[in-house]
Amino acid sequence: MDSGVPASASASASAPAPPKHKTCRKCKASYDPSANTRLSCRFHPSFFVCRRHDDQKRYYELRDGDPPYAAKFYDCCGAEDPDAPGCTTDLHRSYDDAQD
Ligand SMILES: [Zn+2]
Ligand SMILES: [Zn+2]
């Protein structure tokens, strides 16, 4: 005799505890809100732009034949590496915080 025991499928979806860390909307890093200081967030206040460095402050479109790296830099500080550490520090701001 074979009495099948019904398999109790208890699919307990493991609900993770709400994350303690928030995600910064400026530098996209996760951070601990209780350890958030004005030096915590490093970011570039301006955009990574695509134009030529120019001492005369005249900017040019990138032309054919121009090496792309010659014309890409942060508008705020001139760093040419997109991964360059931010030139400004401030508090992290999460997506929950009010924008100001
Ligand atoms: Zn940040
Ligand atoms: Zn910068």
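The model is predicted. The protein has six strands and zero helices. Of its 100 residues, 6% count as buried.

**Overall fold**
- Along the sequence, the pattern reads β-β-β-β-β-β.
- Among contacts with a separation of 6 or more, 56% join residues 24 or more positions apart.

**Cys27, between β1 and β2**
- Cys27 sits in the loop that runs from β1 (22-23) to β2 (30-31).
- Cys27 has 19 other C-beta atoms within 10 Å, so this residue is partly exposed. A buried residue would need 20 or more.
- Leaving aside residues up to four places away in sequence, Cys27 touches Cys41, Arg42, Phe43 and Gly86.
- Cys41 and Phe43 mark the two ends of β3 (41-43).
- Cys27 and His92 are 65 residues apart along the chain, yet their C-alpha atoms are separated by 7.8 Å.

- Lys28 is exposed because 8 other C-beta atoms lie within 10 Å. The limit for an exposed residue is 12 or fewer.

**Ala35, between β2 and β3**
- Ala35 is found in the loop linking β2 and β3 (41-43).
- With 9 other C-beta atoms within 10 Å, Ala35 is exposed.
- Ala35 and Leu91 lie 56 residues apart in sequence, and the distance from C-alpha to C-alpha is 9.8 Å.

**Cys87, between β5 and β6**
- Cys87 occupies the loop between β5 (72-74) and β6 (88-90).
- Cys87 counts as partly exposed because it has 15 C-beta neighbours inside 10 Å. That count falls between the limits of 12 and 20.
- Cys87 touches His44, Cys76, Cys77 and Ala79, with residues up to four places away in sequence not counted.

**Exposure at a glance**
- Lys28 is exposed, and Ala35 is exposed too.
- Cys27 is partly exposed, as is Cys87.

Methods: Residues are numbered from 1 along each chain as its sequence is written. Chains are lettered from A and ligands numbered from 1 in the order in which they are written. This is a predicted model: local features need pLDDT of at least 70, side-chain atom pairs count only at pLDDT 80 or more; totals for chains, interfaces and linings use all residues. Helices (H or I, at least four residues) and strands (E, at least two) are DSSP runs, numbered from the N terminus. Two residues are in contact if their C-beta atoms, placed from the backbone, lie within 7 Å.
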